[in-house]
Amino acid sequence: MKKKIDQQKYEILNIDYTMYKTIIPDKFKNKQKWEIPDNRKIRAFIPGTILKITVKEGQSVKAGTKLCILDAMKMKNRLATPVAGKVKSINVKEGQVVSKNEILFEIE
Amino acid sequence: MSLKQKIRELQKKREEVIQGGGEKALEKQAAQGKLTARARIISLLDKDSFQEYDMFVEHEARDFEMDKVTLAGDGVITGTGRIYGAPVCIFAQDFTVAGGSLGLMHARKITKIMDHAMKMRVPLIGINDSGGARVQEGVNSLAGYGEIFFRNTIASGVIPQISVILGPCAGGAVYSPALTDFVFVVEKISKMFITGPEVIKTVLGEEISMEDLGGARIHSQITGNAHFYSESEEECFEQIKKLITYIPWNNSRKARPFPAKNPRKEFRIDEIIPDDPKLPYDVKDVIMALTDNSDFFEIQEQWAANVVIGFGRLSGVTIGFVANQPMFMAGVLDVDSSDKAARFIRYCDAFDIPIVTLVDIPGYLPGIDQEHAGVIRHGAKLLYAYSEATVPKITVVLRKAYGGGYIAMNSRHLRADFVFAWPSAEIAVMGPEGAANIIFRKEITSAENPDEMRKLKIKEYKEKFANPYVAAAKGYVDSVIEPLETRNCILHALDVSLTKTVERPQKKHGIPPF
């Protein structure tokens, strides 16, 4: 019993200011650091294909303006900007296949 | 035709059905390392105990030229038998017949044996090995699945339901195992997912193999959908047989009593816990130092390993154990471990199995990801499960029991029947270091030598609060005991609890934080 314990790889885990010696799985060590969400970066909420881009770079947009149509799950998904501003950059082309969370547009 | 000829005709018909999908299909099944459906049933059940029913059921589909197709037993084998003498109802899908796909009559055979299991109040075992819905039968296949899921739900908590995934179990089909009590998976053979790799690739453009998407290891380690993992079908059947010996036939019977045995001498219960509360140990050693013959049948071993659940026996009676595991993630409670423990507690409560809880918890796992994953909602499940359970509940506080963790791990307040604590127990609102940073912050920061003041305050707090006596003085702990007294104390407590009867306010059912 003791031998099994001594052979384990232990690391230090801080729980409420107390340091415990224990096994920590990779899943915990590799977890993504949380970033303050920036809703000026318009990301794809689902993988799919950009069917049509409905704005131009430099264009002024209001909150709710349609930016593009994203073809996914047999639906033509309407992507709109949650904020008003100017289209800073368009990072995709019509027909391009995008992955989830890929940044498609930036609004400034 | 004479009677003798008619009997020979029957025997011939039986042999045809036993051939399943034919020689080629049988070879393919063997090539994948999979046993045939019948071989699995024979292997699992007691010798010569299997009685097959509905052998000659035929499908009635006519679309897509189905009228020209004969399917032996419509792709599933159903019947009754015994495991170590306990009666069971069993069905096993036959992958060699139309890929084990589910059509209306296939589903009827399954629901018939499920109805039988409910009527006779005996365990139901389902061996899943199917390509899914039989597309040619259209909505009839969906209707078939729906009828099965409904019965799984109604039977839940009345009879034990066991699912064995010995092949693909995809799409809608996978909801039946999800509704059952225990899911068994086998390395490289089990595959469970809602949407398969091909669809994921076409629709989403993400590539992944069947094994990585929903293989045995994924469900044993990541999703928590599987309860028992094995590396061969034979090993799996041994696990199922073992489980059957621990659980009752139905919710109005007790599990089969075994002759009482002492724990094995190599487990010295007073030598397991290190003196330093920050050092780890394997709580399973404590469990094995308590159970009969030190046997412990662990459930969901590889998932949420910071909490340990499983069955053991005390004086021959099946007991459900829940314990924090200090060796893994310091034994904290988090989203997955709360789910794991809560569901097991409800299983034990449904089937009248007393619960023994071993406590050594520093708190809940802090973190943005935990909060955003809903540790509040999931943690609440554990509180709900313990509070609601009316089976005898016994708690032993081994070491730390800080803050919310103290409450959640079957404290007296959630109506544990007997709460014992070891002299090493530290029942406090927080650990000494946390106390120093929070309660004594002003004194420390305004002191001449903050470091010295900090050390002093930690020492003071430790001496005053990091022990079981404060809680014992208030009656929150029933008895402070020596480790060597533990098994005896639990046995006596269980002895007195056999006739426990609790009244609860009338209600259809509560609304647990699902």
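**A guided reading of the two chains**

Guide: One begins with an inventory of helices and strands. This is a predicted model, and its chain A contains 2 helices and 10 strands.

Visitor: In what order do the elements of chain A run from the N terminus on?

Guide: The order is α-β-β-α-β-β-β-β-β-β-β-β.

Visitor: How is the overall form of chain A to be read, given its radius of gyration?

Guide: One sets the value beside that of a compact globule. For 108 residues such a globule would have a radius of gyration near 13 Å, whereas chain A has 22 Å. The C-alpha trace of chain A spans about 65 × 30 × 20 Å along its principal axes. Of the 108 residues in chain A, 17% are buried. Among the contacts in chain A with a separation of 6 or more, 49% are between residues 24 or more positions apart.

Visitor: Which strands of chain A pair with β6(A)?

Guide: To read a pairing, one notes its direction and its bridges. Strand β6 (residues 66-72) of chain A pairs with β4 (residues 48-53) of chain A in the antiparallel sense over 4 bridges; there A:Thr49 has A:Asp71 as its bridge partner. β6(A) also pairs with β7 (residues 75-80) of chain A, again antiparallel, over 6 bridges, with A:Leu70 opposite A:Asn77.

Visitor: What is found in the hairpin of β6(A) and β7(A)?

Guide: In a hairpin, one looks at the turn. This one has 2 residues between the strands, and A:Met73 takes a positive phi near 50 degrees.

Visitor: Which domains are assigned to chain B?

Guide: The domain assignment gives domain 1 (3-246), domain 2 (269-429 + 468-496) and domain 3 (432-465) of chain B. The C-alpha centres of domain 2 and domain 3 of chain B lie 30 Å apart.

Visitor: What is the strand order in the open sheet of 7 strands in chain B?

Guide: The order is β1-β2-β3-β4-β5-β7-β9 of chain B, and the pairing is mixed. β1 (51-53) and β9 (228-230) of chain B stand at the edges with a single partner strand each, so one side of each is without a neighbour in the sheet. On average, neighbouring strands of this sheet are turned by 20 degrees against each other, direction ignored. Both senses can be followed: β1(B) pairs with β2 (residues 76-83) of chain B in the antiparallel sense over 3 bridges, while β5 (residues 161-165) of chain B runs parallel to β7(B), joined by 4 bridges.

Visitor: Which helix lies across β7 and β9 of chain B?

Guide: Helix α9 (residues 216-223) of chain B does, running at about 135 degrees to β7(B). Helix α4 (residues 104-120) of chain B lies across β2, β3 and β4 of chain B, at about 25 degrees to β2(B).

Visitor: Which way do the side chains of β7(B) point?

Guide: In a regular strand, side chains alternate between the two faces of the sheet. From β7(B), B:Phe182, B:Phe184 and B:Val186 point one way, B:Val183 and B:Val185 the other way, and all are buried. B:Val185 is also the bridge partner of B:Ile165 and stands opposite B:Tyr229 in β9(B).

Terms used:
Residues are numbered from 1 along each chain as its sequence is written. Chains are lettered from A and ligands numbered from 1 in the order in which they are written. This is a predicted model: local features need pLDDT of at least 70, side-chain atom pairs count only at pLDDT 80 or more; totals for chains, interfaces and linings use all residues. Domain bounds come from an automatic or database domain assignment. The radius of gyration is taken over C-alpha atoms; the globule rule is 2.2 Å times the number of residues to the power 0.38. A residue is buried if 20 or more other C-beta atoms lie within 10 Å of its own, exposed if 12 or fewer, and partly exposed in between; C-beta atoms are placed from the backbone. Two residues are in contact if their C-beta atoms, placed from the backbone, lie within 7 Å. Two strands pair if DSSP finds at least two bridges between them. Axes are lines fitted to C-alpha atoms, for helices over the stretch in contact, and angles run from 0 to 180 degrees between N-to-C directions.
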